[in-house]
Amino acid sequence: MVEPLIEAKNITKIYKRGSETVYALRNVNLQVMPNELVMIMGPFGSGKSTMLHLLGGLDTPTEGEIVFQGEDITKWDEKRTTEYRRLHVGYIFQSWELINNLTAIENIEVPLYPTKLPTDEIRARAMRLLRQVDLYERERHFPTQLSGGEQQRVGIARALITEPNLLLADEPTGNLDSETGDIIMRMLKKLTRGGTGTVVATHDESLRRYADRVVRFLDGEIIV
Amino acid sequence: MGNLRVFLKAARFTFRNRKRTIAFIALFTILSAYVIFFSNTFTEYYRTDLLRNKGIITNQIAYNTVDQTNDTVQEFIARANGYEQTESVIVHRYFDFGASIRIFELDEKNPWAFTLITPRSIATGRFVSGSGEALVLTGSTLNLESTLLGNATIDPSPGDKLTLQGNSSSVVVKIVGEITKDVYNDPENKAWIFVDSASFDAMLVALQPTTYIYEITVLAKGNLLLSEEPYNNKRFLVEQLKNDYFDLGLSPSFLTVPNGIEQNIDTRIEERNSDLLNFSFGILAGILLSLLYGILLSRFRKTEIAVLKTVGYDSWNIRLSLLAEILSISFVGYLIGVFAIQSYLVYQAASLISSILSFDVILLSFSIVVLFDLPSVLISSYSLVKVRPLDVLRDTG
């Protein structure tokens, strides 16, 4: 039997907003298997981004545990969590969040600069990914010289350069037209191989055809 | 390797952000120029003005009149050394080698305490810094006719070796620089050679010449920048040395201890205070600029740092990247500042030779500029290392 890549168990996340208590997530359970594209769907404020942040080690739950390779990542200190993000997680942002004074290839390479990998190896990996996302000829372009779709593809390549186990995409097509959005989703679907698990958070119903499994969130709870 | 790469890449990428980079390089250039200018002023203050402010000089009216073994001169030196207000007594000696060459001793530990030449007098090459080194006058010709070397005339230049042959042994010195001819005002028209103290002593042993005292400089105790103590000490020593001078009957072999120093001292105190005020203003401006840069950097790079943390940068990676940016900007600003001040000095002096910034000035001003970077590094590190990636990502779902 295949073990889940990552498993969220009884997750509750509470935010304090002044004197008000807001439940972002309530007793949520979620498993992501290797080679699986899980789509978290729900309206704005339903808790899907919070779920991604927790899976990616960017935030900690108020209750519950997140098990990755047999260990609860919520118990880790800052150093181990940073290492987890660097080695195991690739993050794709809605608004790409590329660094404007870096070229496309440098934006892709950035996560590997602090590692011990030789510079040549980093460049070779980045070039390979640029080819995979069909941006080979845009290597030296700065983000402002790229279209939204192209920027998102650079963002995807950046998320993949560390060869992560878990790919987290928060509204990856949110700022793109539908045609470009389809290209991006096909790319994500194609890349969810070789043991990688992908979690996409979106409110766009038209994307559900790319999912291996859909999980619906409403008011911090899973409804389907 | 990873940290080094983060540092180098961050330094390189800094210059891609043109508006920000140009603005801060310009500010750091102005600040660096200010610091370099005043570092130069203060270093010169310590060096060139050392004699004027702390020194009491007695030197010869004519050559070959007071030899080293003269009892009254030795007594004068001993008394000068004995005063509590005395920091040091520096004696410059010389001897004649043959009929046309005069060899002077240089105290390489106190190169500025000699009225004949200082490091600023260098036309080509460098000043004496160690044993076995010599300086000659620009374009001088050494006529060896009446020396033990036999009949010869040579035109020495930096790099040449000069052998002074005695009856039983010889001393070899290497010429490391040439002195500008401005200092040359010898009525006897001899060729002058300046050698370090150790070589001079070796020559005395090898050549056994009659040695004369050219100059006795008494330096008063105290820090010129921090107190009026050296001026008070100098006032005291002038009176004492004058008494000793006449008591020992040194006149007319030596010039008398100078009078009329009071006005000079008061003027210099005023100048010093004004320089200190200006320098303090520069330091304050530097700290403020650095703080401003740190605060702005924290705002400019907040999103970028959040993204870097998301992709796995730890606190040290972030600090190094900030350090690289701040150091790069200030270093480039500093280099332009050095160039600007050097150009200004050349323009002022209308001579490249006498206005090169010394290594000490470069080192001192660079250290100050690096210290200026501290507030910006600390403030930007403090605020950016705390950034939570969620601050960037919270805008969705």
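Q: Over the face of which residue does Arg26(A) lie?
A: The model is predicted. A charge counts as sitting over a ring if CZ of Arg is within 6 Å of the ring centre and within 35 degrees of the ring normal. Arg26(A) is at 4.0 Å from the centre of its ring, and that ring belongs to Tyr23(A).

Q: At what distance from the ring centre of Trp316(B) does Arg319(B) lie?
A: In chain B, Arg319(B) lies over the face of Trp316(B). The cut-off for such a contact is 6 Å from the ring centre. For Arg319(B) the distance is 4.9 Å.

Q: How many aromatic pairs does the structure hold over all chains?
A: Rings of Phe, Tyr and Trp pair if their centres lie within 6.5 Å. Counted over all chains, the number of pairs is 23.

Q: What is the geometry of the aromatic pair of Phe68(A) and Tyr84(A)?
A: The ring centres of Phe68(A) and Tyr84(A) are 5.1 Å apart, with 70° between the planes. Planes over 60 degrees apart fall in one class. The pair is therefore edge-to-face.

Q: Which parts of chain A does the pair of Phe68(A) and Tyr84(A) tie together?
A: Both residues are buried. They are 16 residues apart in sequence, so the pair joins separate parts of chain A. Phe68(A) belongs to strand 4 (residues 63-68) and Tyr84(A) to helix 2 (residues 78-88).

Q: How far apart in sequence are the parts that Phe28(B) and Tyr293(B) tie together?
A: Phe28(B) and Tyr293(B) form an edge-to-face pair, 6.0 Å centre to centre with 75° between the planes. Phe28(B) lies in helix 2 (residues 18-54) of chain B and Tyr293(B) in helix 6 (residues 262-300), so the pair links parts whose separation is 265 residues.

Q: What is the volume of the largest cavity?
A: The whole structure was searched for cavities of 30 Å³ or more, and four were found. The largest has a volume of about 210 Å³.

Q: Which helix of chain B gives the most to the lining of the largest cavity?
A: The lining has 19 residues, with Ala10(B), Phe13(B), Arg301(B), Glu304(B) and Ser321(B) nearest the cavity centre. At least two lining residues come from each of helix 7 (302-310), helix 8 (315-349) and helix 1 (2-14). With six residues, the top contributor is helix 1.

How values were computed
Residues numbered from 1 in each chain as written. Chains lettered and ligands numbered in written order. Predicted model: local features only at pLDDT ≥ 70, side-chain atom pairs only at ≥ 80, totals over all residues. Heavy atoms only, no water. 1 Å grid on protein atoms, 1.4 Å probe; cavity = no way out; pocket = protein on both sides within 12 Å on 5 of 7 lines; lining within 4 Å. Points joined across faces, edges and corners; volume = space filled by probe spheres on them. Helix = DSSP H or I, 4+ residues; strand = E, 2+ residues; numbered from the N terminus. Phe/Tyr/Trp six-rings, centres within 6.5 Å; stacked < 30°, edge-to-face > 60°. Buried < 20%, exposed > 50% of the residue type's maximum accessible area, 1.4 Å probe, protein only.
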